[in-house]
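Please keep the sequence and the 3D view at hand while going through the points.

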Amino acid sequence: MSEAVLRAARSAVGFMPDDEGMALHDAALSVPVPGPLVEVGSYLGRSTLYLAAAARARGGVVVTVDHHRGSEEHQPGWEYHDPGLVDPTTGRLDTLPGFRRAIASAGVEDVVVAVVARSETLAALWDRQAAFVFLDGSHTDESAGRDYRCWSPHVAVGGLLAIHDVFPDPADGGQAPYRIYRRALESGEYTEVPGCGSLRLLRRDRPPAVPGSA
Ligand code: SAH
Ligand code: MG
């Protein structure tokens, strides 16, 4: 069952190499604490499908949030712009129809909870511990920093914080995800476990510090 979902993930459009997607899947599957999987940055569902396969095997769900208007690099004139994703009615990027098609075609609508919103809006409403939080939204410092601040407190002790596109060498890519990865390590709340490529995995060992108590 989850083999078919993983095959669908491999053929979906997106920014997740298969080895990193499999590492994402395996990590989400192995988390020993209960709770949903959370993804920030659904795009066209590729990474979501790796997580959906894990959710199905865990008997749980993946909640994935995206405003579906694209990140900076997806906008017209930028490196990862796809003109086919522009909604002619609004003139804006819209990845939601393609995302739904990918999730429906893979047969995982029952385990994928898609939230169309800004990540920080959902985080402010969120009131339970997540077993796994995967950050893969916008890669500006402001946005990546906000995602870390908003979502890190929701990672259960024993759960995992996963961060994508972590490139220690600026020659390999933008530094915002690397900076939040450093911040998480420096918080003293996480221990790094083996990741894959630009995917970093951090296990929460201690509850989040209460703001203002330090
Ligand atoms: N995880 C996907 C790629 C995500 S691309 C894959 O591996 O295939 C990043 C996504 O983050 C884009 O779809 C963009 O719309 C979304 N995004 C950027 N900033 C956001 C924010 N503040 N809230 C919600 N989604 C955001
Ligand atoms: Mg990414």
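1. Which polar backbone atom is 2.9 Å from an oxygen atom of ligand 1? The atom belongs to Gly 70. Please bear in mind throughout that this is a predicted model.

2. Two further contacts of ligand 1 involve nitrogen. A nitrogen atom of ligand 1 is 2.8 Å from a backbone N or O atom of Ser 119. For Asp 136, a polar side-chain atom lies 2.8 Å from a nitrogen atom of ligand 1. Taken alone, ligand 1 exposes 590 Å², and 98% of that area is buried by the protein.

3. The surroundings of ligand 1 may be described as a whole. The ligand takes up the space of the largest pocket. Two elements, α3 (46–58) and α5, each give two or more residues to the shell around ligand 1. In total, 20 residues surround the ligand, and the closest are Gly 41, Ser 47, Asp 66, Ser 119 and Asp 136.

4. How many salt bridges does a search of the whole structure find? The search finds 11. One of them joins the side chains of Arg 10 and Asp 18, with an N to O distance of 2.9 Å. Arg 10 has a relative accessible area of 34% and is therefore partly exposed. Asp 18, at 29%, is likewise counted as partly exposed.

5. A second salt bridge pairs Glu 120 with Arg 146, and their closest N and O atoms are 3.5 Å apart. This pair links distant parts of the chain: Glu 120 belongs to helix α5 (residues 119–125), Arg 146 belongs to helix α6 (residues 141–151), and the two are 26 residues apart. Is Arg 146 buried or exposed? Its relative accessibility is 18%, so Arg 146 counts as buried, the limit for that class being under 20%.

6. The side chains of Arg 182 and Glu 186 meet with an N to O distance of 3.3 Å. Because they are 4 residues apart in helix α7 (residues 176–186), about one helical turn separates Arg 182 from Glu 186. Arg 182 is partly exposed at 33% relative accessibility, whereas Glu 186 is exposed at 58%. Elsewhere, salt bridges that share partners join Arg 118, Glu 120, Glu 142 and Arg 146 into one network.

7. With a relative accessible area of 1%, Arg 204 is buried.

8. His 68 has a positive phi of about 60° although it is not a glycine. His 68 lies in the loop between β2 (62–66) and β3 (86–87), and it is buried, with a relative accessible area of 1%. Asp 165, also a residue other than glycine, has a positive phi near 65°. Asp 165 lies in the loop between β7 (155–163) and α7, and it counts as buried at 17% relative accessibility.

9. Finally, two C-alpha separations relate sequence to space. Gly 158 lies in strand β7 and is buried, with a relative accessible area of 18%. Gly 158 and Leu 202 are 44 residues apart in sequence, and their C-alpha atoms are 9.8 Å apart in space. Leu 44 lies in the loop between β1 (37–40) and α3 and counts as buried at 10% relative accessibility. The C-alpha atoms of Leu 44 and Asp 19 are separated by 18 Å, the two residues being 25 residues apart along the chain.

Methods. Residues numbered from 1 in each chain as written. Chains lettered and ligands numbered in written order. Predicted model: local features only at pLDDT ≥ 70, side-chain atom pairs only at ≥ 80, totals over all residues. Heavy atoms only, no water. Salt bridge = Lys/Arg side-chain N within 4 Å of Asp/Glu carboxyl O. Buried < 20%, exposed > 50% of the residue type's maximum accessible area, 1.4 Å probe, protein only. Near = heavy atom within 4 Å. Polar contact = N/O pair within 3.5 Å; in protein donor to acceptor, adjacent residues only side chain to side chain. Areas by Shrake-Rupley, 256 points an atom, 1.4 Å probe, with all protein chains shown as cover. 1 Å grid on protein atoms, 1.4 Å probe; cavity = no way out; pocket = protein on both sides within 12 Å on 5 of 7 lines; lining within 4 Å. Sits in = over half its atoms within 2 Å of the grid points.
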